[in-house]
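Dear colleague,

I am handing over the structure below, and after it you will find an account of what turned up in it. Please read the two side by side.

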Amino acid sequence: MLCVEETIGVTGGARVPGQRGDLLLDSAVRYAEERHWDVFPGTRLVPVPGGERCSCEQAGCATPGAHATGPGWAGLATGSPAAVRRLWSRQPGASVLLPTGRAFDALEVSESAGFLALARMERMSLALGPVTCTPDRRMVFFVLTGAAAKADTLVRKLGWDPESVDLVVRGEGQYVAAPPTRVGGRGAVQWARRPTQANRWLPDVAELISPLAYACGQDAAAVRARRPG
């Protein structure tokens, strides 16, 4: 996987945290302080004999250490660095989660489609926002809010059936995991395109939907071609 985990706002004199819990806290504070994103703490990974388990204690947890702790998560989300520090002091090692539908929406595609789309976007000189890679081989593109209401219509106008392409839109009432959150033993969420001053202004979904829908369509066709019979 070509993603490289990076944090935002790091300068030559910045402190390098000694523990992963410190890195999670420092990253959460920077997202609130430098990007003005709301953040909230999710579940964490708890050491057990022979490995780790999710703090939710659910057998077969789909995203161990990387999901909301309960239905009231939206009320915990805050953009105050001081409040972020208090939350993580009470829940050290908690994952860093970002609610969508507030400062941004998110377009999630397969990793293969994501890298194909990125290559096309670069050739088209499109302005990109931050992009993450997940250990489940997914890529998440940050865009302006309102994407959830427009994406299906835009995909149809391009000649694609939204049901046939693997393009998931996350908006109000949903969230994404942010680097350096780790998903069980699968690895950490990483930045493919890290937040910088240059991408502070996010693109609208309409600017990215064409290369993303095309890449998802190509990916779906490749999957169908590999199926026997």
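Strand 9 (residues 175-177) supplies the largest share of the lining of the largest pocket, namely three residues. Helices and strands here are DSSP runs, numbered from the N terminus, where a helix is H or I over at least four residues and a strand is E over at least two. A pocket is found on a 1 Å grid over the protein atoms alone, as an open set of points with protein on both sides within 12 Å along at least five of seven lines, whereas a cavity is a set of points where a 1.4 Å probe fits but cannot get out; in either case the lining residues have an atom within 4 Å of a point.

Before going further, please keep in mind that this is a predicted model, in which local features need pLDDT of at least 70 and side-chain atom pairs count only at pLDDT 80 or more, while totals for chains, interfaces and linings use all residues. Residues are numbered from 1 along each chain as its sequence is written, and side-chain values use heavy atoms, with hydrogens and water left out.

The largest pocket has a volume of about 340 Å³, a volume being the space filled by probe spheres set on the grid points, which are joined across faces, edges and corners. Its lining is made up of 16 residues, and those lying nearest the centre of the pocket are T63, E108, T134, R170 and A177. Strand 7 and strand 9 are the elements that give two or more residues to this lining. By class, the lining of the largest pocket has seven nonpolar, five polar and four charged residues, where Ala, Val, Leu, Ile, Met, Phe, Trp, Tyr, Cys and Pro count as nonpolar, Asp, Glu, Lys and Arg as charged, and the others, Gly among them, as polar.

The residues that line the largest cavity are A151, D152, V155, P162, V165, L167 and V169, and they divide into six nonpolar, no polar and one charged. Helix 4, which covers residues 147-157, gives the most to this lining, with three residues.

One of the cavity-lining residues, L167, sits in the loop between helix 4 and strand 8 (168-170). L167 counts as buried because its relative accessible area is 15%, given that buried means under 20% relative accessible area, exposed over 50% and partly exposed in between (1.4 Å probe, protein chains only). Not counting residues up to four places away in sequence, L167 touches L107, E108, V109, I209, L212, A213 and C216, where contact means heavy atoms within 4.5 Å.

R138 pairs with E108, and their closest N and O atoms are 2.8 Å apart. This pair links distant parts of the chain, with R138 in strand 7 (residues 138-143) and E108 in strand 5 (residues 105-110), 30 residues apart, and both R138 and E108 are buried. A network of salt bridges links E108, R138, D166 and R170.

A further salt bridge joins the side chains of R182 and E52 at 2.9 Å, N to O. R182 lies in the loop between strand 9 and strand 10 (190-193) and E52 in strand 3, so that the pair, 130 residues apart, links distant parts of the chain. R182 counts as partly exposed at 26% relative accessibility, and E52 counts as partly exposed at 40%.

Strand 5 also contains S110, which is buried, with a relative accessible area of 10%. Leaving aside neighbours within four places in sequence, S110 is in contact with R137, R138, M139, D166 and D219. The side chains of S110 and S112 are joined by a polar contact of 3.3 Å, a polar contact being a pair of N or O atoms within 3.5 Å, where within protein one must be able to donate a hydrogen and the other to accept it, and residues adjacent in sequence count only if both atoms are side-chain atoms. A polar atom of the S110 side chain also lies 3.2 Å from the backbone nitrogen of A113.

With kind regards

Terms used:
Salt bridge = Lys/Arg side-chain N within 4 Å of Asp/Glu carboxyl O.
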